[in-house]
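This report goes through one structure in short sections. Please look at the sequence and the model before reading on.

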Amino acid sequence: MTQAELVTAIGNTLTRMDNTLMDPDLQNQPARWQQVYAMRKHLDDQQRELVAATIQADDAAFQNLTGKIQLAIKQLQQIVDNLKKIDSIINTIARISAVLDEILKAAA
Amino acid sequence: MTIRQQLRAHRRTLPALLILFFLVGCVPDQDYTPVITQFQQSSATLAQAFETLLANANLVEYEHYIDTQAFDHARLTPTEIDTRAIITPEELKLRSDAILALAQYTTALATLAQGKHEAQIVEDADAASTSFSTLATDAQTAAAGHHLIPATADYAGPISDAAAAAGIILGLIERHRTHKEIHDSIEKNDPALTALFNLLGSESQAIYERQKSTQSAQGVLLFTSYNREIAQPTPDKEYLLQLSDRIKQFRRAQALVAQSNPAPAIAAFKKSHDALIAVILAPKDAKPKSLAALIASVQSFAAEVQPLAAGVQATGTTH
């Protein structure tokens, strides 16, 4: 995965999160909505930092970490439309964010 | 003969004529002109759209930050807003000049392939040569100076490689060297431009993704504000109407952002450039096939660039 592909994958994840955040059913659960919204803001900041980060995309560590992100995104795709699984959605997004933090830390 | 019959007859005759041209291996000069003109127009449009996209990059981040802070009832300061910039004016200029230099270089090759008047060939080669020379100097300055995108430091390499390669080819054209010398030089040096095409393509994809994400976030803020307001015991009708207007604008902009990704147009630009090189390097008997590939590539390029230009221009004013 290249840096641009990772930025795109995070962008697609943000779009899916936005669809969830615009769902009136989630908006009727203010605490849960706020939790997902806070994660959206964090992931958004990470994507912005990623655009400007110096990353060695051919590095094995980067490829290993993006592999973890791809796996988490795949799992998120299966549950993101199911608000009954909101805890799993939140956990999966947290996993993506944590791996992104590692990537950004290595790039800093 | 009715008009419909005449049209049918033309439809039958035109492909037959084209097949005849290809069979006899004849590539008349006038065959090049429309495709080269279309290529030149498309590359000029791409350069303009790319510049607008980059110019919007910071604006989009500022507005996204302002909207989010307002929604969160959080403090706003001009300094904080400015920290959201992702590109400096120098970085922006470097990237749009790179597209322009590539467009001028490819135009110079197109003029050469077209077999236009010598004065025009030299004039186009001179223009491209000057652009690449300025670009190489600017890349060195930008790499040494303040930059927000760390990759700017890495730009100097592909730019100086591309400038050196294009300089050798264009120099031969300017000095009226033999067809064979120019031909050999293109074959040897032109591949050095690939890294610059690739760099511009991947970076513009990332910048576009930010535009898409910030635009999508705007939808969350608008729909949530609207739904929260209607849940109030006495909703403010005027506020709801303002929000509904912004939701309509948001939905229009959403469709435009979807067509504002410059990466496929840059890839199509490179494909056209490669097809043009193939026409120049092809032996005489293979020219018709190469020309057909060039026509197809340039048509795809034009098809990518037109909606991009409209989308980028419109999102700059509606985001």
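## Two helices side by side

Helix α4 (residues 89-114) and helix α10 (residues 263-281) of chain B pack at an angle of about 30°, their axes 10 Å apart. Axes are lines fitted to C-alpha atoms, for helices over the stretch in contact, and angles run from 0 to 180 degrees between N-to-C directions. Angles under 35 degrees count as roughly parallel, and α4(B) and α10(B) are therefore roughly parallel to each other.

The contact (C-beta atoms, placed from the backbone, within 7 Å) involves residues of α4(B) including B:Thr106 and B:Leu109, and residues of α10(B) including B:His273 and B:Leu276. By class it has seven nonpolar, two polar and no charged residues. Ala, Val, Leu, Ile, Met, Phe, Trp, Tyr, Cys and Pro count as nonpolar, Asp, Glu, Lys and Arg as charged, and the others, Gly among them, as polar.

## Chain B as a whole

Chain B has eleven helices and zero strands; these are DSSP runs (helices H or I, at least four residues; strands E, at least two), numbered from the N terminus. Of its 319 residues, 39% count as buried, meaning that 20 or more other C-beta atoms lie within 10 Å of the residue's own.

## Where the chains meet

The contact takes 21 residues from chain A and 22 residues from chain B. On the side of chain A, the largest share, nine residues, comes from α1(A).

## About the model

This is a predicted model: local features need pLDDT of at least 70, side-chain atom pairs count only at pLDDT 80 or more, and totals for chains, interfaces and linings use all residues. Residues are numbered from 1 along each chain as its sequence is written, while chains are lettered from A and ligands numbered from 1 in the order in which they are written.

Technical notes: A residue is buried if 20 or more other C-beta atoms lie within 10 Å of its own, exposed if 12 or fewer, and partly exposed in between; C-beta atoms are placed from the backbone. Two residues are in contact if their C-beta atoms, placed from the backbone, lie within 7 Å. Angles under 35 degrees count as roughly parallel, over 145 as roughly antiparallel, 65 to 115 as roughly perpendicular and the rest as oblique.
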